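Here are some exercises to work through with the structure open beside you. Try each task before you read its solution.

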Amino acid sequence: MATNGTSVIQLKGVNKWYGQFHVLSDINLDVKEGEKIVICGPSGSGKSTLIRCINRLEEHQQGDIVVDGVTLSNDVKNIESIRREVGMVFQSFNLFPHLTILENLTLAPIWVKKMPKKEAEEIAMGLLKRVRIPEQANKYPGQLSGGQQQRVAIARALCMRPKIMLFDEPTSALDPEMVKEVLDVMIELAGEGMTMLCVTHEMGFARAVADRVIFMDRGEIVEQNEPEEFFAHPKNERTKTFLGQILHHG
Amino acid sequence: MADIPAGERRQLAPPVDETGALGWARRNLFSGWGNGITTVVLIVAVVWLVSSFLNWAVINAVWTAPSGQECRGHGACWALIHEKYRLIFFGTYPYEQQWRPLLAILAMLTMLVLSSDRRMWNTRLIWIWTIGSFVTFLLMFGEFNISSGLIYFVALVVGAIVQSVRSTTGTPAEVWGWRAVAGVGLLGLVLRIVGIIPAWTIPIHAFTYVETGLWGGLPVTIILATYGLVFAFPYGVLLALGRRSKLPLIKGLCVGFIELIRGVPLISLLIMASVMLPLFLPSGMTIDKFLRALVAVILFAGAYIAEIIRGGLQSLPKGQFEAADAMGLNYPQKTLLIILPQALRVVIPPLINTFIGFFKDTTLVLIIGIFDFLNAANQALVDPAWAGFPAEIYLFAAFVYFCFCFSMSRYAKYLEIELNKGTRR
C-alpha cells in the first residue's frame, strides 16, 4: 500500500435518512493519505450519498465526518475550506456549458484561490496536456465527446490542487468505447499518489489501483477488503450475489 | 435491400424538389375546385383591401393643409400629423425649448444602441450610462442642484462596490484608494447627518428649468420604460433568488411581494403611488409625481421579471449547482458566475416579451396625469380645428410604437444567437 498512515478522512457512526428511508446506517470509515478506495454496491445502496457527504453536497444527520483535520459542521467557512481540499468528478460531468474548457478549469483557482489569471491558465493548460486534450482549450463543453468532457471534469477538479479526489460513477454515463480513456487518466492519477474515493462498477479498475474495495448494501458497509481477497473470496452472501451479477458478463 | 453487400450499397441522394413556384401554388392553392375558388376569392379580397388602404393612405391623402376643413372628403389627413407632430412628440414641454427633449431622445437612443453591442459589456457600459443619463436629464430638467449628501452617498456606494470587485484583481494601492473613496463618503454622510459640516450643493444651470409636470410625449415614454426596466431587472433578479432562498423569512417576503404586486393592476399601483403615498409622508415632504410613477413601474415590472427569471433558474440541472458547490465557490460567486449567466440565456425570449409589454404599459401613467407619447397624441385630437381624424393619429402612434417594439424583438433574436455561439453542438 502506498500509504504513510495518516488518516485524511474519518467517518464515525455516520447516519443519514431521506424521510423514513435509512440511506446511511452507522458508517465507520478511515481513509489514509494516498489510499485508493473503490466503493461498489447495488443501486440505491447509499454509495453515492456516502461520498457526497464527504464534501457536504449532502448533509449527514448523525455522527462525525473529519476531512483533513476539519470536522464538517454547518459553518459555511468550514464547508468551503473542505471543498477547497476535495475535488469531485460527477457521473454527468457537470461542466459549465457557457464557459470554454479553459474557463471551466481556471474559474475556481481564480475566484476561490485568488490566483492570478495567467498562472491559473498555465496550470490549466498543464492539466489539459495531462488528460491529453490541450487542443480543446478554447472550445465549449457541448462540442466535446462524453469521454473528453469527463477528462476535462477531472482536470477541472485537479486545478484546485486537491488532497482528495471523489469520483461518483465517473464512467457510467459514457459510451463503452470512451470508458477506457477516462479510466486511463484515473489510473495515472492513482499512480501519482492521490487519495481517491471512487464509486464505480469497473472491477478491472478496482483490481488495478484500489488498496481497498468496499461493498455497500442498504446503507451499510457490508464488507471491505484488499481487491485480491475481495474478488477471490468474498465472505458475505450479499457480496457474493452482487459480484455474481456484475462479473457474470465481464 | 438486405441482400446487397455493404460495399456495393450506393449513397442515395435525397429526392429532388421539382416543384418551383408554380408547382407549389398548384399543390397548395389549387388542389381542387373548393380550394381554387377559396384562393381566388381571398386574393380578390386582399387586393381590394390593400388598394383601398393605399388609396386612402397615399393616393388621396392630404399632406399639408391649413386646417382640418380642407381634409374632409379626401383620404388620410396626414396634414394633422404635420401640424401636431411637436405636440405628439414633446407634449406640453415649453414650445421654444423643444430641441432639448429632441436631443434627450437622441442621447437616450445612442445610449441604448451603444449598450446593446456585446463588445461594450464591460466597464464601458458604466460610462455610457453615467454620461447618457446625465446628458438626458440635464437636457430635460435644464438644471441640477447636486447636493452634498448625494455626492457622499455616491462616493460610498461606488467606492464600496469597486473595492469589493477589484479586491482580488487590483493592486493594493488601487483597492485602498477605492476604500478611501468609500470612507470619505461614509464620513461625509455621518458628519452631515449629525450636523457637524454644513450642506453644500453644486449647481449646474445649463438651461431654464423645466419641471417634470411639463414633460410629455416620447421622452417620457422612453425614460419611463428605460429606467423602469433598468432598475426593475436587478430588482427582479434579487426577488427571484430570494424566492428560492432556504431562509424562510427572505423567501416569505419575496413570495408575498411578488404575489401581491402581480395580483393588482398596474393602474391601481399607479394611483396608490400618486394619491395614497403622499398621505403617509410627513407634511411638507413631496416626492415628484414622475418619480412616483417610475417607482410604481419598477415595482410592478420587478415582480414579473422575477417570475420569468425563476423559470430560468429552475430550468438549470441540479448538477450545475453541485459542481459549483463542490469547487468551493461561495454563494455570490456561484450565482453570478455559473447560475445567472445560464438562467438569463434561457429566458431571453420571455424577458423581451415582458419588456415589450411594459414599454407599451407605461402609457397607463395617463391615469395620474402624466402625458406619455400615446396620451400626447391623444391630446392632438382635442383641437376643434382638427377634430375628426383619430385614425391618422392612432396609426401614426402605432407606427412609432411598432418601430421600438420590433427593434427590441430583433435585438432579442440577435442576442440569443450571439450568446449561444459555440455553446451549441
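**Exercise 1.** Find where A:Arg156 sits in chain A, and work out which side chain of opposite charge is nearest.

*Solution.* Step 1: A:Arg156 lies in helix 5 of chain A, residues 146–158; helices here are DSSP runs (H or I) of at least four residues and strands are DSSP runs (E) of at least two, numbered from the N terminus.
Step 2: A:Arg156 is buried, where buried means under 20% relative accessible area, exposed over 50% and partly exposed in between, with a 1.4 Å probe and protein chains only.
Step 3: A:Arg156 has no salt bridge, and B:Glu322, the nearest side chain of opposite charge, is 9.8 Å away. A salt bridge needs a side-chain nitrogen of Lys or Arg within 4 Å of a carboxyl oxygen of Asp or Glu. For charge, Lys and Arg count as positive and Asp and Glu as negative, while His and the chain ends are not counted.
Step 4: Leaving out residues up to four places away in sequence, A:Arg156 touches residues including A:Phe93, A:Asn104, B:Ala323 and B:Met327; a contact is heavy atoms within 4.5 Å.

A note before you go on: this is a predicted model, in which local features need pLDDT of at least 70 and side-chain atom pairs count only at pLDDT 80 or more, while totals for chains, interfaces and linings use all residues. Residues are numbered from 1 along each chain as its sequence is written, chains are lettered from A and ligands numbered from 1 in the order in which they are written, and side-chain values use heavy atoms, without hydrogens and water.

**Exercise 2.** Describe how strand 9 of chain A pairs with strand 3 and with strand 10.

*Solution.* Step 1: Strand 3 (residues 36–40) runs parallel to strand 9, joined by four bridges; pairing requires at least two DSSP bridges. A:Cys40 stands opposite A:Phe215.
Step 2: Strand 10 (residues 220–225) pairs with strand 9 in the antiparallel sense over five bridges, and A:Ile214 faces A:Gln224.
Step 3: Two residues separate the strands of this hairpin, where A:Arg218 takes a positive phi near 45 degrees.
Step 4: Six of the six residues of strand 9 are buried. A:Arg212, A:Ile214 and A:Met216 point one way, and A:Val213, A:Phe215 and A:Asp217 the other.

**Exercise 3.** Is A:Ala210 buried or exposed?

*Solution.* Step 1: Look in the loop between helix 7 (203–209) and strand 9 (212–217) of chain A.
Step 2: A:Ala210 counts as buried because its relative accessible area is 9%.
Step 3: Beyond four places in sequence, A:Ala210 touches A:Lys36, A:Val38, A:Phe205 and A:Pro227.
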